[in-house]
Amino acid sequence: MNTPKIALFIDGANLHATAKALGFDVDYKRLLQEFHSRGMLLRAFYYTTIAEDQDHCSVRPLVDWLDYNGYTVVTKTAKEFTDSSGRRKRTGSMDVELAVDAMEIARCIDQMVLFSGDGDFRALVEAVQRRGVRVTVVSTTSSQPSMIADELRRQADVFVDLMELRTKVAREVVVERSTPPEPRARSALAPLQRSLGGS
C-alpha cells in the first residue's frame with residue numbers, strides 16, 4: 001500500500017479557539033509528529049492574522065517558532081477600524097489564502113487535513129475532493145456550542161473531533177512544585193562563603 005501524501009491546513013485562530021473551548025493548548029511539535037506518523041507529510045500550513053499596531057503581539061512568538069520548526073506560516077495584517085456606532089472592529093480573514101494554497105497543492109497530495117470548523121470552507125473541501133483528494137476536517141462537537149459548521153462536517157470525508165486527538169497533541173502541563181527548592185538555605189550560606197573567600 002502506498003504511503004499517503006498529506007498536507008495540513010491550520011486555521012490558526014479557529015484551532016486556538018477550539019482547543020481553548022476544550023480546555024487545553026495545542027503542542028505544535030507533537031501535532032507535527034502525529035501527522036508525520038500517518039503518512040508522508042508534504043506541508044503543514046499555518047494561517048493567522050497579526051494586528052498592524054502590534055509588533056510584539058501575543059501570536060508573534062508562536063509564529064516565529066512555527067516558522068523555524070517545520071511549518072509554512074502565512075500571515076496577514078489585520079486592519080482595525082471604527083464602525084458607524086463607534087465600536088472598534090478588526091478585519092482580516094485568511095480564508096482566501098488558505099483556499100488558494102489548497103487548490104495549488106491538491107494535485108500533489110492524497111489527503112488534506114483541515115483544522116477549522118468554519119462553514120465557509122465547505123466549497124473548498126468539495127473542490128479539493130473533485131480532484132481526488134480525501135479531506136479530513138478536525139474540529140469539535142464536544143464543546144457548547146459546537147465549533148464546527150454542520151455543512152462542513154457533512155462535506156468532509158472524515159471528521160475527527162479534536163478531543164480525540166487531545167492525548168496526542170495537547171501541550172503537557174508542567175506542574176509547579178508546591179515548595180520551592182531551598183533558596184533560603186543557599187542565601188544563608190552566602191555571607192559565610194564570602195567571609196571564607198568563596199563565591
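Two strands pair if DSSP finds at least two bridges between them. Helices (H or I, at least four residues) and strands (E, at least two) are themselves DSSP runs, numbered from the N terminus. This is a predicted model, in which local features need pLDDT of at least 70 and side-chain atom pairs count only at pLDDT 80 or more, while totals for chains, interfaces and linings use all residues. Residues are numbered from 1 along each chain as its sequence is written, and side-chain values use heavy atoms, with hydrogens and water left out.

**Overall make-up**

- The protein has eight helices and seven strands.
- Of its 199 residues, 39% are buried, where buried means under 20% relative accessible area, exposed over 50%, and partly exposed in between (1.4 Å probe, protein chains only).
- The accessible surface is about 12200 Å², and carbon and sulfur atoms account for 49% of that; such areas come from the Shrake-Rupley method with a 1.4 Å probe, and for residues only the protein chains shown count as cover.
- Contacts (heavy atoms within 4.5 Å) can be sorted by sequence separation: among those between residues at least 6 apart, 65% join residues at least 24 apart.

**Strand pairing**

- Strand 1 runs parallel to strand 2, and seven bridges join the two.
- Strand 5 in turn pairs with strand 6 in the parallel sense, over five bridges.
- In that pairing, Met112 stands opposite Val135 of strand 6.
- Strand 1 is mostly covered, with six of its seven residues buried.
- Strand 5 is mostly covered as well, with four of its five residues buried.

**Aromatic rings**

- Rings of Phe, Tyr and Trp (its six-membered ring) pair if their centres lie within 6.5 Å; planes under 30 degrees apart count as stacked, over 60 as edge-to-face and the rest as tilted.
- By this rule there are five aromatic pairs.
- Phe9 and Phe45 are a stacked pair, because their ring centres are 5.0 Å apart and their planes stand at 20°.
- Phe9 belongs to strand 1 (residues 5-11) and Phe45 to strand 2 (residues 40-51), so this pair ties together parts that are 36 residues apart in sequence.
- Phe9 and Phe45 are both buried.
- Phe35 and Phe115 make an edge-to-face pair, with 5.7 Å from centre to centre and 80° between the planes.
- This second pair links distant parts of the chain, since Phe35 is in helix 2 (residues 28-36) and Phe115 in strand 5 (residues 111-115), 80 residues apart.
- Phe35 has 3% relative accessibility and so counts as buried, and Phe115 is buried with a relative accessible area of 1%.
- Phe9, Phe45 and Tyr47 form one aromatic cluster.
- The charged end of Arg38 sits over the ring of Phe35, 4.8 Å from its centre; the rule requires NZ of Lys or CZ of Arg to be within 6 Å of the ring centre and within 35 degrees of the ring normal.

**Polar side chains**

- A polar contact is a pair of N or O atoms within 3.5 Å; within protein, one must be able to donate a hydrogen and the other to accept it, and residues adjacent in sequence count only if both atoms are side-chain atoms.
- Gln129, in helix 5 (residues 122-130), has 18% relative accessibility and therefore counts as buried.
- The side chains of Gln129 and Asp157 are joined by a polar contact of 3.2 Å.
- Apart from neighbours within four places in sequence, Gln129 is in contact with Val135, Gln155, Ala156 and Asp157.
- Glu97 is found in helix 4 (residues 95-105) and, at 24% relative accessibility, counts as partly exposed.
- A polar contact of 3.3 Å joins the side chains of Glu97 and Lys76.
- The C-alpha atoms of Glu97 and Lys76 are 9.3 Å apart, and the two residues are 21 residues apart along the chain.
- Not counting residues up to four places away in sequence, Glu97 touches Tyr47, Val74 and Lys76.

**A cis peptide bond**

- The peptide bond from Gln144 to Pro145 is cis, with omega near 0°.
- Pro145 lies in the loop between strand 6 (134-139) and helix 6 (150-155).
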